[in-house]
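Hi,

Here is the structure I said I would pass on. Have a look at it first, and then read on for what turned up.

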Amino acid sequence: MYGLFGRRSGTAPGYAYSAANKNMAVVWDEKTLYEYLNNPKKYIPGTKMVFPGLKKPQERADLIAYLKQDTSS
């Protein structure tokens, strides 16, 4: 997760991403993560992500704030 913000989906080394994730080519920022974390399979159809998402807006906002602080380079 290190360096997540500003990175394109499906590009972190050492992980076998789905073709859907690589082809989506979304650049991760607060807005894209907020939408993705609501429903990953809807945001990136065909992803192999099994995480069902966070339905509560505040939980998504809190997770994004944590990630932004904890994964910045």
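How many helices and how many strands does the protein chain have? It has four helices and zero strands, and reading along the sequence gives the pattern α-α-α-α. The radius of gyration is 12 Å, close to the 11 Å that the globule rule gives for 73 residues, so the chain is as compact as a globular protein of that length. Do keep in mind that this is a predicted model.

Some overall numbers next. Along the principal axes, the C-alpha atoms fill a box of roughly 30 × 30 × 15 Å. Of the 73 residues, 33% count as buried. The accessible surface comes to about 4,800 Å², and carbon and sulfur atoms account for 58% of that. If you take the contacts with a separation of 6 or more, 40% of them are between residues 24 or more positions apart. As for charge, there are 11 positive and 6 negative side chains, with the centres of the two sets 10 Å apart.

Now the inside. The largest nonpolar core has 11 residues in all: Leu4, Ala20, Val26, Trp28, Leu33, Tyr36, Leu37, Tyr43, Ile44, Ile64 and Leu67. H2 and helix H4 (57-70) each supply at least two residues of this core, and H2 gives the most, with three. Leaving out residues up to four places away in sequence, Ala20 touches Ile44, Pro45, Gly46 and Thr47.

Is Thr32 buried or exposed? Its relative accessibility is 13%, so Thr32 counts as buried. Setting aside neighbours within four places in sequence, Thr32 is in contact with Val26, Val27 and Tyr43.

You will find Ala25 in the loop between helix H1 (19-24) and helix H2 (30-38). What is the phi of Ala25? The value is near 55°, which is positive in a residue other than glycine. For context, most residues other than glycine have a negative phi. Ala25 counts as partly exposed because its relative accessibility is 35%.

The segment before H1 has a couple of stops. Thr11 lies there, and at 33% relative accessibility Thr11 counts as partly exposed. Where does Thr11 stand relative to Lys22? The two are 11 residues apart in sequence, and their C-alpha atoms are 7.0 Å apart in space. Gly14 is in the segment before H1 as well. With a relative accessible area of 87%, Gly14 is exposed. Gly14 and Val26 are 12 residues apart in sequence, and from C-alpha to C-alpha they are 19 Å apart in space.

Last, the other end of the chain. Ser72 is in the segment after H4, and this residue counts as partly exposed at 43% relative accessibility. How far apart are Ser72 and Gly3, in sequence and in space? In sequence they are 69 residues apart, yet C-alpha to C-alpha they are 5.5 Å apart. Not counting residues up to four places away in sequence, Ser72 touches Tyr2 and Leu67.

- Ala25, for its positive phi.
- Thr32, buried at 13% relative accessibility.
- Ser72 and Gly3, for the 5.5 Å between their C-alpha atoms.

Cheers

Conventions:
Residues are numbered from 1 along each chain as its sequence is written. This is a predicted model: local features need pLDDT of at least 70, side-chain atom pairs count only at pLDDT 80 or more; totals for chains, interfaces and linings use all residues. Side-chain values use heavy atoms; hydrogens and water are left out. Buried means under 20% relative accessible area, exposed over 50%, partly exposed in between (1.4 Å probe, protein chains only). The radius of gyration is taken over C-alpha atoms; the globule rule is 2.2 Å times the number of residues to the power 0.38. Contact means heavy atoms within 4.5 Å. Accessible areas come from the Shrake-Rupley method with a 1.4 Å probe; for residues, only the protein chains shown count as cover. Lys and Arg count as positive and Asp and Glu as negative; His and the chain ends are not counted. The place of a charge is taken as NZ of Lys, CZ of Arg, CG of Asp or CD of Glu. A nonpolar core is a set of buried Ala, Val, Leu, Ile, Met, Phe, Trp, Tyr and Cys residues joined through side-chain atoms within 4.5 Å.
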